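Trainee: Could you take me closely through one part of this model, the salt bridges, and say how covered their partners are?

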Amino acid sequence: MIELVLGGARSGKSRYAEQQALASGLPVVYIATAEAGDDEMHSRIQHHQQRRPPHWLTVEEPIALADVIGDYAGKQHCLLVDCLTLWLCNVLFDKQGNLQEQRYQQQADALCAVLATGRQRVIMVSNEVGLGVVAADAMTRRFVDEAGFLHQRLAQISDKVVLVTAGLPQILKTL
């Protein structure tokens, strides 16, 4: 089963996804995509780490997400990916902010392909960033557009899609 969990910043989406992972009854592999580029992000990462049960396996992978999912695919694990928007930023732009179109397309296609095998329990967390005003700069507009396109692709192959707002899960799709 593949589940896509969407929500805004501090909406409760990660907490909801963690509860779903616990409820699966499977050993959890937490796939972290964030990189601590500054003190504030380091603090956010620590907050997530402190909330996780100590017996969960954590794999940090900012780029090759499909490879890690493939490595742990199978009915013996629940994979929790947090978060896709950070991963998108990592693959769409390099550290200098330059667009990496080919890398992004390859990684996004690989992610969809590994998920389409359906051999695993995967819960993916992502920020819904397209509900606000249109950004003033081209880089942010591109990021918002690609996040929306990625969410649409993933929603099509997901068994369940949930939007979390104010800590309340709203089921958008369930099979």
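Mentor: A residue is called buried under 20% relative accessible area and exposed over 50%, with partly exposed in between. This is a predicted model, and on that scale Glu-101 is partly exposed because its relative accessible area is 30%. Glu-101 forms a salt bridge with Arg-142, and the closest N and O atoms of the two are 2.2 Å apart. The pair links distant parts of the chain, since Glu-101 lies in helix α5 and Arg-142 in helix α6, 41 residues apart. Arg-142, at 23% relative accessibility, likewise counts as partly exposed.

Helices α5 and α6 are also joined by Arg-153 of α6 and Asp-109 of α5, which are 44 residues apart in the chain; the closest N and O atoms of this salt bridge lie 3.0 Å from each other. Arg-153 has a relative accessible area of 34% and is therefore partly exposed, and Asp-109, with 39%, is partly exposed as well.

A further salt bridge connects Glu-18 with Arg-51, with 2.9 Å between the closest N and O atoms. Here the link runs from helix α1 (residues 13-23) to helix α2 (residues 39-51), across 33 residues of the chain. Glu-18 is buried, because its relative accessible area is 7%, whereas Arg-51 counts as partly exposed at 24%.

The structure holds 6 salt bridges in total, and Glu-3, Arg-121 and Lys-160 are linked in a network of them.

Technical notes. Residues are numbered from 1 along each chain as its sequence is written. This is a predicted model: local features need pLDDT of at least 70, side-chain atom pairs count only at pLDDT 80 or more; totals for chains, interfaces and linings use all residues. Side-chain values use heavy atoms; hydrogens and water are left out. A salt bridge is a side-chain nitrogen of Lys or Arg within 4 Å of a carboxyl oxygen of Asp or Glu. Helices (H or I, at least four residues) and strands (E, at least two) are DSSP runs, numbered from the N terminus. Buried means under 20% relative accessible area, exposed over 50%, partly exposed in between (1.4 Å probe, protein chains only).
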